[in-house]
Amino acid sequence: MRRSLSTRVQAFDKPLIGSVAPDFKANAVFDQEFVELSLSQYRGKYVILFFYPLDFTFVCPTEITAFSDRYKEFKDLNTEVLGVSVDSEFTHLAWIQTDRKEGGLGDLSYPLVADLKKEISKAFGVLTNDGIALRGLFIIDKEGVIQHATVNNLAFGRSVDETKRVLQAIQYVQSNPDEVCPAGWKPGDKTMKPDPKGSKEYFAAI
């Protein structure tokens, strides 16, 4: 007798891309102080919102400090950065107060958000069955709409360079709505017109 197999699929009402990002209000640590912030307070700016599994782990500090070290590059692009994990603000603070040479973070240029109830991770679809967040990264535009998402599994980190490149592409097409950016586009590269004639002009020139 064959057993019927059922698969549990997490269903969303609509894709996150192109939708207004789920708002949240949460405790965070910034400049070694406890603060309360909301995602909606950043309207009018772009936001890099990234999730990571846990404090005091191994891949995570390489990502968190890499974004912090290059925070000014994002600020110059009218963009804020927020890191989120399911740890408490107290654990965040302890990790920030740990020296980088000992696996800590040191001072950061942006807030770390506490998602102890795991509601934010769940809302963005990155919460695992083990109750930690996958390495999800979302680029949210000035209107609060998610324009980009990438999710890595736990064992490998993300690229700050690629995040910045995608952000610049988003900003370019939003400022130039009659153009689109081809694969690997960087500022200064050729774009194309999203129509049969315009695309032929692009391909003829490369």
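Student: Where is T65 found?
Tutor: In this predicted model, T65 is found in helix α1, which covers residues 59-69.

Student: Okay, and is T65 buried or exposed?
Tutor: T65 is buried, since its relative accessible area is 12% and anything under 20% counts as buried.

Student: What is T65 in contact with, if I skip the neighbours within four places in sequence?
Tutor: That leaves R100 and L105. There's also L108 to look at: 43 residues separate T65 and L108 along the chain, and their C-alpha atoms are 7.2 Å apart.

Student: Which backbone oxygen lies 2.7 Å from a polar atom of the T65 side chain?
Tutor: The one of P61.

Student: Let's zoom out. How many helices and strands does the chain have?
Tutor: Six helices and seven strands. Going along the sequence, the order is β-β-β-α-α-β-α-β-α-β-β-α-α.

Student: What does the C-alpha trace span along its principal axes?
Tutor: About 60 × 55 × 30 Å. The chain has 206 residues, and 44% of them count as buried.

Student: And of the contacts with a separation of 6 or more, what share is from residues 24 or more positions apart?
Tutor: 64% of them.

Student: Switching to rings. How many aromatic pairs are there?
Tutor: The structure holds twelve. One of them is F51 with F124: the ring centres are 5.6 Å apart and the planes sit at 50°, so that pair is tilted.

Student: Which parts does the F51 and F124 pair tie together?
Tutor: F51 is in strand β3 (residues 46-51), while F124 is in the loop between α4 (119-123) and β6 (135-140), so the pair links parts 73 residues apart in sequence.

Student: How do Y172 and W185 count for accessibility?
Tutor: Y172 is partly exposed at 25% relative accessibility, whereas W185 is buried at 3%.

Student: Which residues form the aromatic cluster?
Tutor: F50, Y52, F56, F67, F74, W95 and Y110 form one cluster.

Student: Last one, on charges: how far apart are the mean positions of the positive and negative ones?
Tutor: 7 Å, for 25 positive and 28 negative charges.

Key. Residues are numbered from 1 along each chain as its sequence is written. This is a predicted model: local features need pLDDT of at least 70, side-chain atom pairs count only at pLDDT 80 or more; totals for chains, interfaces and linings use all residues. Side-chain values use heavy atoms; hydrogens and water are left out. Helices (H or I, at least four residues) and strands (E, at least two) are DSSP runs, numbered from the N terminus. Buried means under 20% relative accessible area, exposed over 50%, partly exposed in between (1.4 Å probe, protein chains only). Contact means heavy atoms within 4.5 Å. Lys and Arg count as positive and Asp and Glu as negative; His and the chain ends are not counted. The place of a charge is taken as NZ of Lys, CZ of Arg, CG of Asp or CD of Glu. A polar contact is a pair of N or O atoms within 3.5 Å; within protein, one must be able to donate a hydrogen and the other to accept it, and residues adjacent in sequence count only if both atoms are side-chain atoms. Rings of Phe, Tyr and Trp (its six-membered ring) pair if their centres lie within 6.5 Å; planes under 30 degrees apart count as stacked, over 60 as edge-to-face and the rest as tilted.
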